[in-house]
Amino acid sequence: ADLVERLKSGAANGPAGASLDLWPVQVLPAAGGLMGRKEGALWRRGEQTLIMGILNITPDSFSDGGDRFETTAAVQAAKEMISDGAHILDIGGESTRPGAAEVAVEEEVTRVVRVIKGIREAGVDATISIDTRKAAVAKAAIEAGADWINDVSGGDFDSAMFDVAKEFLAPIILMHMKGTPQTMNSLAVYTSVVDEVGDHLLR
């Protein structure tokens, strides 16, 4: 409620005059903002490009698979990303590249939670996005200090994801995928990709 009042009045630490009458205005949670650990910040789209650093806690992702698997290396990489100008850290414990094997919930939780806790304990005060298709992983990550949910399946893989977002008032990014990493290549057939992806996300 306080955030809504701030939007209405323009009282914010973000762009001057931010209000519900002057959209597009967005809320950028920081350090668990919507869970109450720190107040969210406001920004206006178009005023500043926000950079997201990708941190894969996996042995098999596209570019950095295995390079930052250990907690110490991952936390150091997070610090370097923020120092280099990143505003958001996107942390994932399961590769969703074509052909990737599914990771068990318990293993994925172990991978991401230790790194998120390490980042917070190191005093890194950046927005953390948890990249997962699984509600249990998202819940554990938010409890450990993550702010956003980034679901590559758009909520199709685990419908309980929306319950987690609602419970924690966590912003959720819905992406598009046909099938699973094991089947996505064979299903990537579109007549009008923009229209079909848009229709899928609207559903």
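This is a predicted model: local features need pLDDT of at least 70, side-chain atom pairs count only at pLDDT 80 or more; totals for chains, interfaces and linings use all residues.

Reader: Which residues make the nonpolar surface patch?
Author: Phe162, Leu174 and Leu201 make a patch of about 230 Å². Patch members have over 30% relative accessible area and no salt bridge, with nonpolar side chains joined within 5 Å and like charges within 9 Å. Areas are Shrake-Rupley values with a 1.4 Å probe, and for residues only the protein chains shown count as cover.

Reader: OK, new topic. How many salt bridges are there?
Author: Six, counting a Lys or Arg side-chain nitrogen within 4 Å of an Asp or Glu carboxyl oxygen. One of them pairs Lys134 with Glu94 at 2.8 Å, N to O.

Reader: Where do Lys134 and Glu94 sit?
Author: Lys134 is in the loop between strand 5 (127-131) and helix 4 (135-144), and Glu94 in the loop between strand 4 (88-92) and helix 3 (105-121), so the bridge ties together parts 40 residues apart in sequence. Helices (H or I, at least four residues) and strands (E, at least two) are DSSP runs numbered from the N terminus.

Reader: Are Lys134 and Glu94 buried or exposed?
Author: Both are buried, meaning under 20% relative accessible area; exposed is over 50%, partly exposed in between (1.4 Å probe, protein chains only).

Note on methods
Residues are numbered from 1 along each chain as its sequence is written. Side-chain values use heavy atoms; hydrogens and water are left out.
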